[in-house]
Amino acid sequence: MGFGGFNGFGGGNFQQIMRQAQKMQEDMARAREELDNTEFKSSVGGGMVEVVMLGNKTLKSIKIKPEVVDPDDVEMLEDLVVSAVNDVIGQIGRAEQEKLPQMPGM
């Protein structure tokens with residue numbers, strides 16, 4: 001039996017599989033670019049701290065309300081910032097799982 005008929009992977013089928021793989025790669029690149037440019041926002045402490053981050057995990061802004069700035073309790077402000085940053089990173093991770101197709105073995 002010739003190579004072209006081996007297990008149904010004839011020349012036409014192989015080309016079709018390669019086209020599908022290329023389309024999947026293009027779709028993933030498009031989805032990744034869209035996600036990278038999407039803004040994600042987290043607000044904690046009743047709106048006292050707000051973090052905006054792009055999907056590529058570039059921090060775009062941090063806004064802190066003046067009334068949360070207490071020189072005697074800097075630790076609370078630090079905790080709020082950490083909480084907001086971790087929340088927005090979690091949002092990005094969930095969006096990646098939802099929008100980016102999973103490749104076999106990943």
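**Salt bridges in the predicted model**

D27 and R30 both sit in helix 1 (residues 11-36), three residues apart, or about one turn of the helix; helices here are DSSP runs of H or I with at least four residues, strands are runs of E with at least two, and both are numbered from the N terminus. The two side chains form a salt bridge, with the closest N and O atoms 2.7 Å apart. The term covers a side-chain nitrogen of Lys or Arg within 4 Å of a carboxyl oxygen of Asp or Glu. D27 comes out as partly exposed, at 28% relative accessible area (buried is under 20%, exposed is over 50%, and partly exposed is in between, with a 1.4 Å probe and protein chains only).

Residues are numbered from 1 along each chain as its sequence is written, and side-chain values use heavy atoms, leaving out hydrogens and water.

By the salt-bridge rule, the count comes to six. One of them pairs R32 with E96, with the closest N and O atoms 3.0 Å apart. This pair ties together distant parts of the chain, R32 being in helix 1 and E96 in helix 2 (residues 74-99), 64 residues apart. R32 is partly exposed at 26% relative accessibility, whereas E96 is buried at 18%.

E96 also forms a salt bridge with K57, where the closest N and O atoms are 3.7 Å apart. Again distant parts of the chain are linked: K57 lies in the loop between strand 2 (49-54) and strand 3 (59-64), 39 residues from E96 in helix 2. K57 is partly exposed, at 41%. Together with D36, the residues R32, K57 and E96 are linked in a network of salt bridges.

Key
Predicted model: local features only at pLDDT ≥ 70, side-chain atom pairs only at ≥ 80, totals over all residues.
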